[in-house]
Amino acid sequence: MGKLREVLNDLHGDNCALPLALEAMGERWSFMILRAAFNGVHHFEEFQQELSIARNILSNRLSKLVDHGIMAREVMAEDRRKVRYQLTDKGIELLPAMIALRQWGEKWGAGVPSTPVLVDARDEQPIGPVTLTAHDGRVIGYKELLWKHRSELQPLGQARVRADAPAAAVAAE
């Protein structure tokens, strides 16, 4: 992917956001709680029952998700002892990552599609694979990527097609 590459020993997110994302979401129970939230689970007891998770672990993970702004904690007005956990906009934006991990697991783990199947609400057909896209919407693969320092980026419309770019990418221009 070119000569420039990420600072790989940056474990605190100073130059790369991946360590920060992993700090917020980087363990199994956080993903399982998030999956449950995407499936309409909102209350502590529901999470515990649906996931068969220990109370202390659930409490810790929910607190961490709230602290990171991925979920919001709301005390219910009608019963102050009951708390509702809801995905925030920040949490909802994790959906593509969750779907990509599920699709990867279907292909390389289980080897079969999961059920139920996630479909487009408009036509009730299964969603497509999560892909990488270029700024203009072209689907691109790993071999079509390279690292550039932010200061080297050209303004949109002034980008050039590299002479060593794959032929399909050049032909699309």
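Where does Pro 116 lie? Pro 116 sits in the loop between α6 (95–110) and β3 (132–133). The model is predicted. Its protein chain has seven helices and four strands. Along the sequence they follow the pattern α-α-α-α-β-β-α-α-β-β-α.

**The chain as a whole**

- The protein chain has 173 residues, and buried residues make up 21% of them.
- Consider the contacts in the protein chain with a separation of 6 or more: residues 24 or more positions apart account for 43% of these.

**Helix α3 against helix α4**

- Helix α3 covers residues 44–51, and helix α4 covers residues 55–67.
- Their axes are 10 Å apart, and the two helices pack at an angle of about 120 degrees.
- An angle of 65 to 115 degrees would count as roughly perpendicular, and one over 145 as roughly antiparallel. α3 and α4 are therefore oblique to each other.
- The crossing of α3 past α4 is right-handed.
- On the α3 side, the contact uses Phe 44, Glu 45, Phe 47 and Gln 48. On the α4 side, it uses Arg 55, Leu 58, Ser 59 and Leu 62.
- By type, the residues of the contact of α3 with α4 are four nonpolar, two polar and two charged.

**Helix α2 against helix α4**

- Helix α2 spans residues 28–38. The axes of α2 and α4 come within 10 Å and cross at roughly 75 degrees.
- That angle makes α2 roughly perpendicular to α4.
- From α2, the contact draws on Trp 29, Ser 30 and Ile 33. From α4, it draws on Ile 57, Leu 58, Arg 61, Leu 62 and Leu 65.
- The residues of the contact of α2 with α4 comprise six nonpolar, one polar and one charged.
- Leu 58 and Leu 62 of α4 take part in the contact with α2, and both also meet α3.

**Ser 30 in helix α2**

- Ser 30 belongs to helix α2.
- Is Ser 30 buried or exposed? Its relative accessible area is 1%, so Ser 30 is buried.
- Setting aside residues up to four places away in sequence, Ser 30 touches Ala 24, Met 25, Arg 61 and Leu 65.
- Arg 61 and Leu 65 are also among the α4 residues in the contact with α2.

**Arg 84 in strand β2**

- Strand β2 runs over residues 83–87, and Arg 84 is found there.
- Arg 84 has 23% relative accessibility, so it counts as partly exposed.
- Which residues does Arg 84 touch, not counting residues up to four places away in sequence? They are His 42, His 43, Ala 72, Arg 73, Glu 74 and Met 76.
- With His 42 there is also a polar contact, side chain to side chain, at 3.5 Å.
- Arg 84 and Phe 44 are 40 residues apart along the chain, yet their C-alpha atoms are separated by 7.6 Å.
- Phe 44 is also one of the α3 residues that meet α4.

**His 43 in a loop**

- His 43 is placed in the loop between α2 and α3.
- Its relative accessibility is 15%, so His 43 counts as buried.
- Leaving aside neighbours within four places in sequence, His 43 is in contact with Met 76, Lys 82, Val 83 and Arg 84.
- Met 76 also touches Arg 84.

**Backbone points to check**

- Most residues other than glycine have a negative phi, and most peptide bonds are trans.
- The peptide bond from Thr 115 to Pro 116 is cis, with omega near 5 degrees.
- Ser 52 has a phi near 55 degrees, a positive value in a residue other than glycine. Ser 52 is in the loop between α3 and α4.
- With 63% relative accessibility, Ser 52 counts as exposed.
- Glu 124 is not glycine either, and its phi is positive, near 55 degrees. The loop between α6 and β3 holds Glu 124, and Pro 116 lies in the loop between α6 and β3 too.
- Glu 124 is exposed, with a relative accessible area of 61%.

Notes:
Residues are numbered from 1 along each chain as its sequence is written. This is a predicted model: local features need pLDDT of at least 70, side-chain atom pairs count only at pLDDT 80 or more; totals for chains, interfaces and linings use all residues. Side-chain values use heavy atoms; hydrogens and water are left out. Buried means under 20% relative accessible area, exposed over 50%, partly exposed in between (1.4 Å probe, protein chains only). Contact means heavy atoms within 4.5 Å. A polar contact is a pair of N or O atoms within 3.5 Å; within protein, one must be able to donate a hydrogen and the other to accept it, and residues adjacent in sequence count only if both atoms are side-chain atoms. Axes are lines fitted to C-alpha atoms, for helices over the stretch in contact, and angles run from 0 to 180 degrees between N-to-C directions. Angles under 35 degrees count as roughly parallel, over 145 as roughly antiparallel, 65 to 115 as roughly perpendicular and the rest as oblique. A crossing is left-handed if the near helix is turned anticlockwise from the far one by less than a right angle, and right-handed if clockwise. Ala, Val, Leu, Ile, Met, Phe, Trp, Tyr, Cys and Pro count as nonpolar, Asp, Glu, Lys and Arg as charged, and the others, Gly among them, as polar.
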